[in-house]
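Please open the model in your viewer and keep the selection panel at hand.

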Amino acid sequence: MRVDTVFENATVWTGAGVTSALAVLHGRVVALGDEAVSLSARSRVDLDGGFVVPGFHDAHNHMAWFGMGLDDVPLGGCRSVEEVYDAVAARAATLPAGSWVVGSGYDQNKLAGGHPDRHGLDRAAPGMLVRLKHTSGHMTVVNSAVLDQLDLAHVPVGGDVVHADGSPTGLLREQAQLLLRPLTYPTPVARVVRGLARASEQYLAEGITSVQEAGIGGGLVGETPAELAAYQQARDAGVLRVRSTVMVAASVLHDLPDDAGFGLDLGLRTGLGDEWLRVGPMKLFADGSLVGRTCAMHDPFDGEPDNVGYFQVPEDELARTIRRAHEAGWQIATHAIGDRAITVVLDAYEAALAASPRTDHRHRIEHCAVLQPAELTRLASLGLLASPQGRFVNELGDGMRAALGESRVPWCYRLRSVLDAGCVLPASSDRPVVNGAPLLALGDMVRRRTASGVPFAPEEALTPEQALRAYTYGSAYATFAERDLGTLEPGKLADFAVLSGSPLAESALDGLSVRGTAVGGELRYQA
């Protein structure tokens, strides 16, 4: 047999063991080790001692949001609200009067002075329209010029407009952000395509070869009702360079005629597509944000005795949507962060499965942040997947600890106990909420320390190999893609990253870099 390419002179971690080479034919692995080296090949690639791992698979990210956000004023590095205002003023000075000034990535937990407000933004950018997106995506601050154009008398259920001294501060939380839709929605498809192209390049440079987009078409994170068309256009143009599975916002699903179930027109549901672009789960929001203190909790946030958060949709509507989607054959991915939200979502999944049993449903709880021990047991017994983000402990951990208080930290963003309960653990970033580079995430999943260096439920730490498996096989499994992705075995797609050293030793994690990334056996990135 003559193959397309043999990649040799490497240490290849296949997910099932270690070998020295791999051979690729028609985009798939056909042989490993000495057998691969012995084959005739059209080309041979010397990997110069690199460490090869299956391509990283991010099971929950916002690719379009991230790519388009690269044009925003970057606020993640600001450490005071005055620095935020200075950054806004600097951008405003480059734009014509009446323009939008859009910033993203601020976190009030890291800012002296807390949230920016409309008065400060008015001073920073007079004559402009200003919108600043919180790093979580669950809050937005706008200036007076924007507030004046909003219908504040009709705030959507599941959101609120924050007031101080009887007037709006400019902070819109959760569903209240939808008040901006008449001014900002839909995003032009061409802009979404450009965002996907820019994100793809970044992902390949980080060893990411496949992703799951956590919500398109509607809701808080959808950019346009034609968002799937943007993905198709990006693919046709050759700029969608990583394999993509898209979650569809629950708000665009509906009851179909002739008892055809619950879904999209034409009866589309989970699974349609191919190895490059597929329709994945229905994405549903139960509650909000932990660092924003809007997620639904059993007990109040620390220092706020009257605040237990809230749901983004009524509980009975949440249960109905889950039941209808389950009956129609959808995989379901429900955002639930607070322990109260997780309880209600587990109740809904349990009721749906009891009424319509279904094997291998792989329903998910996205983030699954504050997971009490009894609920972890129930999650495992129902065959559900928790989808936490290992990076959150570092970038957001100090704010999460402040919101929870010390007693609830052991329940937060659990990893090891999810594996110990018998669940498959996927890994993801929720990018752009945090830096989504997988090599950073591996270190955080192993070390479990906040940005200030404080241990954060260290008993939930993974071994390096467990973390690597979560970011490869575990994430592919959560996407129903493990038949093709997640390990480097004969018959699977030849998607891999070439690292500068082994990620299997904690001591080596800090110095690792990505030398190259291959998708379908084609090196699409080389350092």
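Begin by selecting R28, R243, E275, D484 and D495, which are linked in a network of salt bridges, a salt bridge being a side-chain nitrogen of Lys or Arg within 4 Å of a carboxyl oxygen of Asp or Glu. By this rule the count comes to 33 salt bridges. The model is a predicted one, in which local features need pLDDT of at least 70 and side-chain atom pairs count only at pLDDT 80 or more, while totals for chains, interfaces and linings use all residues. Residues are numbered from 1 along each chain as its sequence is written, and side-chain values use heavy atoms, with hydrogens and water left out.

Next, select R431 and E206, whose side chains meet in a salt bridge with an N to O distance of 2.4 Å. This pair links distant parts of the chain, 225 residues apart, since R431 lies in the loop between α14 (416–420) and α15 (438–447) and E206 in the loop between α7 (189–205) and β15 (208–216); helices (H or I, at least four residues) and strands (E, at least two) are DSSP runs, numbered from the N terminus. R431 counts as buried at 3% relative accessibility, and E206 counts as buried at 10%, where buried means under 20% relative accessible area, exposed over 50% and partly exposed in between, with a 1.4 Å probe and protein chains only.

Then select R391 and E395, where the side chains meet in a salt bridge of 2.3 Å, N to O, and where R391 and E395 are both buried.

For the last stop, show helix α10 (residues 339–355) together with helix α11 (residues 373–381), whose axes come within 11 Å and cross at roughly 25 degrees. That makes α10 roughly parallel to α11, a label for angles under 35 degrees. These axes are lines fitted to C-alpha atoms over the stretch in contact, and angles run from 0 to 180 degrees between N-to-C directions. To display the contact (heavy atoms within 4.5 Å), select I342, T343, L346, D347 and E350 of α10 with E375, R378 and L379 of α11.

E350 in helix α10 and R378 in helix α11 are 28 residues apart, so the pair links distant parts of the chain. E350 is partly exposed, with a relative accessible area of 35%, whereas R378 counts as buried at 17% relative accessibility.

Note on methods: Angles under 35 degrees count as roughly parallel, over 145 as roughly antiparallel, 65 to 115 as roughly perpendicular and the rest as oblique.
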